[in-house]
Amino acid sequence: MGHIEHLQSVFDLKKKAVADIGAGTGAFSLQLLECGARVSAVEIDPEKVARLMSKLPPEIRVLQGRAEALPLADRSQDLLCFFFSFHHVPMQVQDLALEENLRVLKPEGRLHVVEPFPYGSMFDVVRMVEDETEVRTNSHAIMERLDQAGGAFEAVGKTEYTLSRPYPDFETFLKQVVLVDPARSRVFEENRSAIEKRFEEALDRTPEGCFLHQPCAAYHFRKR
Ligand SMILES: C[S@@+](CC[C@H](N)C(=O)[O-])C[C@H]1O[C@@H](n2cnc3c(N)ncnc32)[C@H](O)[C@@H]1O
């Protein structure tokens, strides 16, 4: 199961205004465009923003900004997506980010948050450079209680699935997951051999390729 494959099963993306918040490399922004959405890719990191601007097709609007101060107009979006990005928003401003979601969503607009669990072979390797147990646990707790009686978001559904990412070798993993973040690079330099050993142990080698797996939950809400 992929993020967009699942999203399409709960929401018709055609011609909808969709923002991909914490777009990263833009892989999912591109898939949203291919599904017929009108996409805005929002990313906090200026270097990633520059790469997104040079790599993505001009139909995708690339915006530098943060979830807690979205560079989007009031009531302008049909759908907001957070793919593995909500737990990166600092905990002290996550409430602000949810308020921003309400501000920019159209009435009846949707919020789709996919969060990784703090387990799985991908987590087992990544935790050696950055242990996200606390932030991931916190994000799932927020999503679980977002649909409270009288609250602004009504839960439409929660689906658990496993995202499998191909990593042909350790170098690819390093470039995609570790070296993109200066803080992770520093930790990596001190533990290279242990991290490589854990990677080799965790890698699922199949006839279709080598994968690390990340179980996750997709939470889908409607603005009340
Ligand atoms: C784990 S990456 C996920 C990237 C992409 N969504 C994916 O699934 O491949 C998290 C992304 O969120 C971005 N990010 C971190 N804090 C953010 C914030 N406050 N607002 C918006 N984006 C943020 C990071 O720069 C990073 O690109």
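Helices (H or I, at least four residues) and strands (E, at least two) are DSSP runs that are numbered from the N terminus. The model shown in these views is predicted, and local features need pLDDT of at least 70, side-chain atom pairs count only at pLDDT 80 or more, and totals for chains, interfaces and linings use all residues. Residues are numbered from 1 along each chain as its sequence is written, and side-chain values use heavy atoms, with hydrogens and water left out.

View 1. Phe170 lies in helix 7, which covers residues 170-178. With a relative accessibility of 4%, Phe170 counts as buried, where buried means under 20% relative accessible area, exposed means over 50%, and partly exposed lies in between (1.4 Å probe, protein chains only). When residues up to four places away in sequence are not counted, Phe170 touches Phe188, Arg192, Ile195, Glu196, Phe199 and Glu200, contact being defined as heavy atoms within 4.5 Å.

View 2. The ligand takes up the space of the largest pocket. On a 1 Å grid over the protein atoms alone, a pocket is an open set of points with protein on both sides within 12 Å along at least five of seven lines, whereas a cavity is a set of points where a 1.4 Å probe fits but cannot get out; lining residues have an atom within 4 Å of a point. A molecule sits in such a space if more than half of its atoms lie within 2 Å of its grid points. Of the 18 residues around the ligand, those that come nearest are Gly22, Glu43, Ala67, Glu68 and Phe83, a residue being near a molecule or strand if one of its heavy atoms lies within 4 Å of it. A polar backbone atom of Gly22 is 2.8 Å from a nitrogen atom of the ligand, a polar backbone atom of Ala67 is 2.9 Å from a nitrogen atom of the ligand, and a backbone N or O atom of Phe83 lies 2.8 Å from a nitrogen atom of the ligand. Taken alone, the ligand exposes 600 Å², of which the protein buries 84%; accessible areas come from the Shrake-Rupley method with a 1.4 Å probe, and for residues only the protein chains shown count as cover.

**View 3. Glu68 in its loop.** Glu68, which is among the residues that come nearest to the ligand, is found in the loop between strand 3 (61-64) and strand 4 (77-83). Glu68 is buried, its relative accessible area being 12%. Leaving aside neighbours within four places in sequence, Glu68 is in contact with Val89, Pro90, Val93, Leu96, Ala97 and Glu100.

**View 4. His3 in helix 1.** His3 has its place in helix 1, made up of residues 3-10, and is buried at 1% relative accessibility. The side chains of His3 and Tyr161 are joined by a polar contact of 2.7 Å; a polar contact is a pair of N or O atoms within 3.5 Å, and within protein one atom must be able to donate a hydrogen and the other to accept it, while residues adjacent in sequence count only if both atoms are side-chain atoms. Beyond residues up to four places away in sequence, His3 touches Phe28, Phe83, Phe84, Val114, Tyr161, Leu163 and Cys216.

**View 5. Arg136 in helix 6.** Arg136 is found in helix 6 (residues 133-144) and is buried, with a relative accessible area of 6%. The side chain of Arg136 makes a polar contact of 3.4 Å with the side chain of Gln214. Apart from neighbours within four places in sequence, the residues in contact with Arg136 are His87, Pro116, Phe117, Pro118, Phe123 and Gln214.

View 6. Most residues other than glycine have a negative phi. Arg75, in the loop between strand 3 and strand 4, has a positive phi near 45° and is exposed, with a relative accessible area of 56%. Glu108, placed in strand 5 (residues 105-116), has a positive phi of about 70° although it is not a glycine, and Glu108 counts as exposed at 56% relative accessibility. Pro107 is also found in strand 5 and touches Arg75 and Lys223, residues up to four places away in sequence not being counted. The C-alpha atoms of Pro107 and Arg75 are separated by 7.1 Å, although the two are 32 residues apart along the chain.
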